[in-house]
Amino acid sequence: MKREETVDYHIKSAWHAISRMYNQQAAEEGFTTAIGFVLININSTEGTPATKIAPKLGLETRSLTRMLRTMEEKGLIYKKPDLVDKRSVRIFLSEEGKRKKAISVNTIREFNEQVREVVSEDDLNQFFAVFEKIQLVIDQIQTDRGVDIHKPIFEL
């Protein structure tokens, strides 16, 4: 099978193209796509427990810790002890973090709107249905290998 005939080749190459596009736009604002995705996953008013961010993004704890440190140094976020669970820390967006989050959300929204201008609703529905089936195949492979697909791969 040629690589162009594999499902994963098309998914990977499309994601890399999207990621490059997002990174170019983020770089103009002085941050990265990864930081943009973290910002998007932080509640703008209530903050978000640090332990909830990594699982949402599929990040390893070490990577998230480094990224949060960088984001704090850049003045995008700040940390406060959780009022309910004193052992936990909540991550809050600074005003600059909120601004960068808005840029990230807008970038994603604009890309999706442009895709929807050239791809019909029926084609998109088929696309989403195919990806759901691919996810079912992945879940089945993981289950067959004894991997609990509902258990987080890592804990914070």
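Me: A pocket here is an open set of points on a 1 Å grid, with protein on both sides within 12 Å along at least five of seven lines. How much space lies in the second largest pocket?

Reply: The model is predicted. W15, T33, A34, F37, V38, L57, L59 and M67 form the lining of the second largest pocket. The space in this pocket is about 170 Å³.

Me: Which helix gives the most to the lining of the second largest pocket?

Reply: The lining of this pocket includes T33, A34, F37 and V38. The helix that gives the most, with 4 residues, spans residues 33-40. That helix is α2.

Me: How many residues in the lining of the second largest pocket are nonpolar, and how many are polar or charged?

Reply: Ala, Val, Leu, Met, Phe and Trp are among the residues that count as nonpolar, so W15, A34, F37, V38, L57, L59 and M67 fall in that class. The division is 7 nonpolar, 1 polar and no charged.

Me: What is the volume of the largest pocket?

Reply: The largest pocket is lined by 19 residues, and A14, I18, F111, F127 and F131 lie nearest its centre. By class, its lining has 15 nonpolar, 2 polar and 2 charged residues. Its volume is about 590 Å³.

Me: Which helix gives the most to the lining of the largest pocket?

Reply: Helices α1 (7-28), α5 (95-118) and α6 (121-144) each supply at least two residues of this lining. The one that gives the most supplies 7 residues, and it is α1.

Me: Is T48 buried or exposed?

Reply: T48 is found in strand β1, residues 48-49. Apart from neighbours within four places in sequence, T48 is in contact with N41, I42, N43, I53, K56, V89, R90 and I91. Its relative accessible area is 6%. The cut-off for burial is under 20%, so T48 is buried.

Me: Which residue has its backbone nitrogen 2.8 Å from a polar atom of the side chain of T48?

Reply: The contacts of T48 include N41, I42 and N43. The backbone nitrogen that lies 2.8 Å from a polar side-chain atom of T48 belongs to N43.

Me: What pattern of helices and strands does the protein chain follow along the sequence?

Reply: The protein chain has 6 helices and 3 strands. Of its 156 residues, 24% count as buried. Read along the sequence, the pattern is α-α-β-α-α-β-β-α-α.

How values were computed: Residues are numbered from 1 along each chain as its sequence is written. This is a predicted model: local features need pLDDT of at least 70, side-chain atom pairs count only at pLDDT 80 or more; totals for chains, interfaces and linings use all residues. Side-chain values use heavy atoms; hydrogens and water are left out. On a 1 Å grid over the protein atoms alone, a cavity is a set of points where a 1.4 Å probe fits but cannot get out, and a pocket is an open set with protein on both sides within 12 Å along at least five of seven lines; lining residues have an atom within 4 Å of a point. Grid points are joined across faces, edges and corners, and a volume is the space filled by probe spheres set on the points. Buried means under 20% relative accessible area, exposed over 50%, partly exposed in between (1.4 Å probe, protein chains only). A polar contact is a pair of N or O atoms within 3.5 Å; within protein, one must be able to donate a hydrogen and the other to accept it, and residues adjacent in sequence count only if both atoms are side-chain atoms. Contact means heavy atoms within 4.5 Å.
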